[in-house]
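I opened my notebook to look up a few things in one protein chain.

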Amino acid sequence: MLYVVTGGNAKQRKVIETAMLYVIQLLNIPNDVFIDIELCKMDVKGGVMEIGKRRFHMEINKQESFAEIAYTVFHEMKHVEQIANKVLVYTYRDIKWKGEDHTTTEYFKRPWEVEAYKFERNADLMLKRIGA
């Protein structure tokens with residue numbers, strides 16, 4: 001897996017770099033995945049991600065706290081793992097989780113979101129270690 005971090009300030013980029021060091025150890029992301037992580041001003045909390053087969057573009061709101069930036073990285077990287085390993089499949093018509101259609105499932109009941117929010121908790125140990 002390769003990634004690049006742009007935007008924001010040096011401290012924000014350092015939080016992302018540290019989060020990625022943790023994430024790499026915890027997740028099973030194929031080597032041929034590329035992630036472009038951009039810290040930018042956004043109207044939404046957290047971040048968003050554009051999905052490709054092996055290329056992902058993650059935008060993180062640079063107006064968030066260091067902790068929220070770390071949580072967003074952990075959350076979105078869990079989705080990278082799910083998509084890269086074809087556990088979560090988006091098509092132009094539907095969304096499938098482990099082969100089961102979840103197109104109409106409410107956001108907080110979607111199994112991949114439940115899993116990603118649970119995975120965010122792994123950021124707590126990292127945040128304690130860096131004092132954020």
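**Entry 1: ground rules**

I am working with a predicted model, where local features need pLDDT of at least 70, side-chain atom pairs count only at pLDDT 80 or more, and totals for chains, interfaces and linings use all residues. Residues are numbered from 1 along each chain as its sequence is written, and side-chain values use heavy atoms, with hydrogens and water left out.

**Entry 2: two helices**

I read that two packed helices are described by the angle between their axes and the distance between the axes. Helices here are DSSP runs of H or I with at least four residues, strands are runs of E with at least two, and both are numbered from the N terminus.

Which residues make the contact? On the H1 side I listed Lys11, Gln12, Val15, Ile16, Ala19, Met20, Tyr22, Val23 and Leu26, and on the H2 side Phe66, Ile69, Ala70, Val73, Phe74 and Met77. Contact means heavy atoms within 4.5 Å. By class, I get 13 nonpolar, 1 polar and 1 charged residues. Nonpolar covers Ala, Val, Leu, Ile, Met, Phe, Trp, Tyr, Cys and Pro, charged covers Asp, Glu, Lys and Arg, and the others, Gly among them, are polar.

**Entry 3: rings**

How many aromatic pairs are there? I found a count of 5. Rings of Phe, Tyr and Trp (its six-membered ring) pair if their centres lie within 6.5 Å; planes under 30 degrees apart are stacked, over 60 edge-to-face, and the rest tilted.

One of them is Phe74 with Phe119, a tilted pair at 5.7 Å centre to centre with 35° between the planes. Phe74 sits in helix H2 and Phe119 in helix H3 (residues 111-120), 45 residues apart, so I wrote down that this pair links distant parts of the chain. Are these two buried or exposed? Phe74 is buried at 0% relative accessible area, and Phe119 is buried at 10%. (Buried means under 20%, exposed over 50%, partly exposed in between, with a 1.4 Å probe and protein chains only.)

I also checked what lies over the face of Phe119: Lys78 does, at 5.3 Å from the ring centre. The rule asks for NZ of Lys or CZ of Arg within 6 Å of the ring centre and within 35 degrees of the ring normal.

Another tilted pair is Phe108 with Tyr117, 5.8 Å centre to centre and 35° between the planes. Phe108 is exposed at 62%, while Tyr117 is partly exposed at 33%. Ring pairs link Tyr107, Phe108 and Tyr117 into a cluster.

Then I looked at Lys86, which has a positive phi of about 60° although it is not a glycine. Lys86 is in the loop between H2 and strand S5 (88-90), and is exposed at 64%.

Lys98 has a positive phi too, near 50°. I placed Lys98 in the loop between strand S6 (95-97) and strand S7 (100-101); this residue is exposed at 61%.

**Entry 4: Trp112**

Trp112 lies in helix H3 and counts as buried, at 0% relative accessibility. What does Trp112 touch? Leaving aside neighbours within four places in sequence, I listed His79, Gln82, Leu88, Tyr90, Ile95, Trp97 and His102.

**Entry 5: strand residues**

Val4 lies in strand S1 (residues 2-7) and is partly exposed at 33%. Not counting residues up to four places away in sequence, Val4 touches Phe34, Ile35, Asp36 and Ile37.

Glu50 is in strand S3 (residues 47-51). Beyond its neighbours within four places in sequence, I found Glu50 in contact with Arg55, Phe56 and His57.

Gly47 is in strand S3 as well. I listed Met42, Glu59, Ile60, Thr72 and Glu76 as what Gly47 touches, not counting residues up to four places away in sequence.
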